[in-house]
Amino acid sequence: MRVFELEFPNPVLLASGVLGISSYLFKRIEKLGAGGIVTKSIGISPKKGYENPTIVELDYGFLNAMGLPNPGVDYFLEEIKDLSLKIPFIVSIFGKDSEEFVKIAKKLENYCDALELNLSCPHAESYGMAIGQDEKIVYKITKDVKKSVEIPVIVKLTPNVNDIVRIARSAENGGADGITAINTLKALAIDIDMEKPILKNVYGGLSGRCIKPVALRCVYDIYKNVKIPVIGVGGIASPEDAIEFIMCGASLVGIGSAARDLNVFKDISEGVENFLKKKKYTLKEIIGKATKNI
Ligand code: RRO
């Protein structure tokens with residue numbers, strides 16, 4: 001499967017933010033059958049993240065406010081400089097403005113296959129969703145990063161906007177090679193015995209099965225309105241979920257919350273392959289199929 005001029009052995013990727021940033025873990029995810037890896041978001045300098053509790057499991061998904069914990073780009077480069085993978089390795093990055101994004105992007109360019117710009121963390125005011133909700137900022141950051149590196153640049157969008165298509169178009173106009181949809185939904189959970197919000201940060205990002213229909217709607221709308229490939233992320237836990245996303249227009253899918261079971265990559269990619277065999281389709285033939293059968 002060729003997307004962004006990179007060869008993916010299967011369409012099932014590790015989504016950003018899920019399993020840390022150690023080289024050992026990336027090798028392990030490759031062995032477990034992932035078609036590609038997107039790292040936890042990396043910033044310009046080390047960041048401890050928020051105090052606990054930073055994550056809570058709900059009946060229908062997870063709510064997290066980790067607070068962008070990461071070791072900073074220089075330490076991360078030390079960690080990955082000898083990493084050798086056969087699958088595409090995509091580094092997610094965040095910054096407070098386009099200058100910071102460009103600085104980080106340039107440092108990483110020779111050590112990864114593509115960059116994913118995280119413009120969508122739901123609770124990091126000056127780093128995340130606030131910039132990803134503004135189409136002019138999305139355009140500028142995308143354009144500036146694109147101008148400064150040779151590798152593909154993918155933009156990860158927030159669903160916490162009135163019109164995600166407008167934002168996707170800004171990324172496309174800025175020169176993005178692809179769109180990842182979606183990051184988590186801004187949400188809240190209350191501990192009724194403590195009589196206060198569960199997360200230290202109060203607000204968090206909702207992920208898991210409950211956000212799948214929202215993510216599908218976003219992928220569907222983006223696919224119909226932009227030409228660049230889409231990576232679908234949001235509540236995917238089975239081959240059937242992945243096929244729904246592909247039929248809505250995703251060329252690749254990302255696994256986040258469901259990656260607590262590390263067999264998920266093989267299970268989903270084999271399940272998708274079996275479906276295609278049974279229906280006598282190629283993967284390419286079903287991308288966006290549900291948007292045409294109306
Ligand atoms: O680190 C986080 O708290 C976080 C990030 Br960067 C993100 O993009 N999405 C999310 O739900 N949490």
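This is a predicted model: local features need pLDDT of at least 70, side-chain atom pairs count only at pLDDT 80 or more; totals for chains, interfaces and linings use all residues.
**Exercise 1. The nonpolar cores**

Find which residues have the most contacts inside the largest nonpolar core, and list what Leu108 touches.

*Solution*

Step 1. Start with the general idea: in soluble globular proteins, nonpolar side chains tend to be buried together.

Step 2. Now look at the largest nonpolar core, which has 84 residues. Phe89, Leu108, Leu115 and Val145 have the most contacts inside it.

Step 3. Pick Leu108 and leave out residues up to four places away in sequence. Leu108 then touches Val73, Phe76, Leu77, Ile80, Val91, Ile93 and Leu115.

Step 4. Look elsewhere too: another core, of 13 residues, lies apart from the largest one. Phe4, Leu13, Val38 and Leu252 are among its residues.

**Exercise 2. The ligand and its surroundings**

Work out where the ligand sits, which residues come nearest, and how much of its area the protein covers.

*Solution*

Step 1. Locate the ligand: the largest pocket holds it.

Step 2. Check the neighbours. There are 13 residues around the ligand, and Lys40, Met66, Asn118, Asn183 and Thr184 come nearest.

Step 3. Turn to the polar contacts, for which N or O atoms must be within 3.5 Å. In the side chain of Thr184, an N or O atom is 2.6 Å from a ligand oxygen. For the side chain of Asn64, such a distance is 2.9 Å. Leu68 takes part through a polar backbone atom, 2.9 Å from an oxygen atom of the ligand.

Step 4. Finish with the cover: on its own the ligand has 310 Å² of accessible area, and the protein covers 93% of this.

Key: Residues are numbered from 1 along each chain as its sequence is written. Side-chain values use heavy atoms; hydrogens and water are left out. A nonpolar core is a set of buried Ala, Val, Leu, Ile, Met, Phe, Trp, Tyr and Cys residues joined through side-chain atoms within 4.5 Å. Buried means under 20% relative accessible area, exposed over 50%, partly exposed in between (1.4 Å probe, protein chains only). Contact means heavy atoms within 4.5 Å. A residue is near a molecule or strand if one of its heavy atoms lies within 4 Å of it. A polar contact is a pair of N or O atoms within 3.5 Å; within protein, one must be able to donate a hydrogen and the other to accept it, and residues adjacent in sequence count only if both atoms are side-chain atoms. Accessible areas come from the Shrake-Rupley method with a 1.4 Å probe; for residues, only the protein chains shown count as cover. On a 1 Å grid over the protein atoms alone, a cavity is a set of points where a 1.4 Å probe fits but cannot get out, and a pocket is an open set with protein on both sides within 12 Å along at least five of seven lines; lining residues have an atom within 4 Å of a point. A molecule sits in a cavity or pocket if more than half of its atoms lie within 2 Å of its grid points.
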